[in-house]
Amino acid sequence: MTLAAVIRTLDGPLAVEEIELNPVGPGQVRVRLAAAGVCHSDLSLADGTLRQPLPAVLGHEGAGVVVEVGAGVTDVAPGDHVVLNWSPPCRACWFCEAGEPYLCAHAEDARAVPFATAGGEPVYAGLGTGAFAAQTVVGAHACIPVPADIPLAEAALLGCAVLTGVGAVTNAAKVRPGQTVAVIGLGGVGLAAIQGARIAGASAIIAVDPAPAKEELALRLGATHFLAPHAGLPKEIRALTGGRGADHAIECVGRGETIRAAWSATRRGGTATVVGLGSAQDPVTFNALEVAYFARTIVGCMYGSTDPAVDVPVLLEHYRAGRLDLAALVTDEVDLSGVGEAFGRMRSGQGARTLIRF
C-alpha cells in the first residue's frame, strides 16, 4: 500500500488515501517519489480540459529513487535516482524514427491502463505517471537516470516545466544569439523559458504576466522587461523591439487571446511558439490577409520538442554551471495533502511551481 492523492470526479477534491500499486511487471519500475511539481496540466486533467480516465492519481513532474525493477529492465537498478518522463518514446513508431520522439504514437499508452487499485476499484495514473503518490509504477523507458548528487527536489522540475520551457526556446523556436524574445505567461514553464532565452543569448527578453509579484523573479532569471497583459500589449512589445515586434514570442498560457497576442507581438517573418495546452472550445482567429502579409510562423510545441534522454543531461550541464536556476522556480512547498491548495493558486495566477515533498 502507498499513500496517494486520488481524484474521483471531474473538478472533485483530491483525497489522500491508500492505494495498492500493481505488481511490477516485465519492463516496469517501481519508484519511491522524493518530490513532485504541481503543473497546470494536472489542473487541466482535473477539470476535464484534458481527457483523463477516473479515478486517477495525477502528477507527472516527479523524481525519486528506484526501489524495484521488473524482468528485462537493464537501464536502471534499485537505488538509482531518476526523473519521470510522462511522454516516453517507444523508439520504433513513425514519429520516433522521424526524429520526433515528443510526438511518439505510443507515448500515451500507459494512461489507459490502471496502475493501482483502491477499495477494489481500478485507479489510473495521470499522464501515465501518477506522481502524486509516495510510490508509483511506470515503464522503465519512463525513467531518466540522474546523478545521485543532484537534489531530487530540483531534479523533479526537469520532468516537465524545465524541459518544456527551455526546450520551447532552444528546440522549437531555435532562438539565436541577439534575437528578441517575448514570453507570455510566467508559471513554471514560462519562467523556465525566460532562462532558456537567456542561455540562448537573447538580447531582449520581455516577460508578460498579470501578477505584479512575478516581476522581481522574472528579472532575476533573465528578463529585461516586465509587462502586464492588456489590449495594447503587441504595440508595447513592438515599441521595445525597434518598432518591429519580437523575433520570437513564446506563449505559455494556452488561451486563444494570448496565442493571438503572441502572434500579433511577433515581427514580420518572426515566430510565435505555442506551448500552453488550451481548450478545444477556445478558437484562435486570423484574417486572410495577415497570414501571408506578415509572413510569420506559428509553431506548436509539445513537451518542448525534446528527447528527455538527450536533453536532461544538457540541462544538468547548465545547472552545474550555474546557468539554470531550478530552485528559483519553486515558490511554494506542500505535503501530499496540499495539492488542492496548489490548484487554487494556479487558478488565481499566484506563484510559479508548487513542489510536493514526500
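Tutor: A salt bridge is a side-chain nitrogen of Lys or Arg within 4 Å of a carboxyl oxygen of Asp or Glu. In this predicted model, Arg 8, Glu 17 and Glu 121 are linked in a network of such bridges.

Student: How many salt bridges does that rule give here?

Tutor: The count comes to 13 salt bridges. Let's look at a few of them. In one, Asp 307 pairs with Arg 91, and their closest N and O atoms are 2.7 Å apart.

Student: Which parts of the chain does the pair of Asp 307 and Arg 91 tie together?

Tutor: Find each partner's place first. Asp 307 sits in the loop between strand S16 (297-300) and helix H10 (308-320), while Arg 91 sits in the loop between strand S6 (81-84) and helix H2 (94-97), so the bridge joins parts that are 216 residues apart in sequence.

Student: And is Asp 307 buried or exposed?

Tutor: Compare its relative accessible area with the cut-off: buried means under 20%. Asp 307 has 14% relative accessibility, so it counts as buried.

Student: Where do Arg 220 and Glu 216 lie?

Tutor: Both belong to helix H6 (residues 215-221), and they are four residues apart, about one turn of the helix. Arg 220 and Glu 216 are both exposed.

Student: What about a bridge with partners in strands, such as Glu 333 and Arg 357?

Tutor: The side chains of Glu 333 and Arg 357 meet at 2.7 Å, N to O. Glu 333 is in strand S17 (residues 330-334) and Arg 357 in strand S18 (residues 353-357), so this pair ties together parts 24 residues apart in sequence. Glu 333 is partly exposed at a relative accessible area of 45%, and Arg 357 is partly exposed at 43%.

Student: Now for helices: at what angle do H4 and H5 cross?

Tutor: Look at the two axes. Those of helix H4 (residues 161-173) and helix H5 (residues 188-200) come within 7 Å and cross at roughly 45°. The helices are therefore oblique to each other, and the crossing is right-handed.

Student: Which residues of H4 meet H5?

Tutor: On the H4 side they are Ala 161, Val 162, Thr 164, Gly 165, Val 166 and Val 169. Their partners in H5 include Gly 188, Val 189, Ala 192 and Gly 196. The residues of this contact divide into nine nonpolar, four polar and no charged.

Methods:
Residues numbered from 1 in each chain as written. Predicted model: local features only at pLDDT ≥ 70, side-chain atom pairs only at ≥ 80, totals over all residues. Heavy atoms only, no water. Helix = DSSP H or I, 4+ residues; strand = E, 2+ residues; numbered from the N terminus. Buried < 20%, exposed > 50% of the residue type's maximum accessible area, 1.4 Å probe, protein only. Axes fitted to C-alpha atoms, helices over the stretch in contact; angles between N-to-C directions. Parallel < 35°, antiparallel > 145°, perpendicular 65-115°, else oblique. Left-handed = near helix turned anticlockwise from the far one by under 90°. Contact = heavy atoms within 4.5 Å. Nonpolar A, V, L, I, M, F, W, Y, C, P; charged D, E, K, R; others polar.
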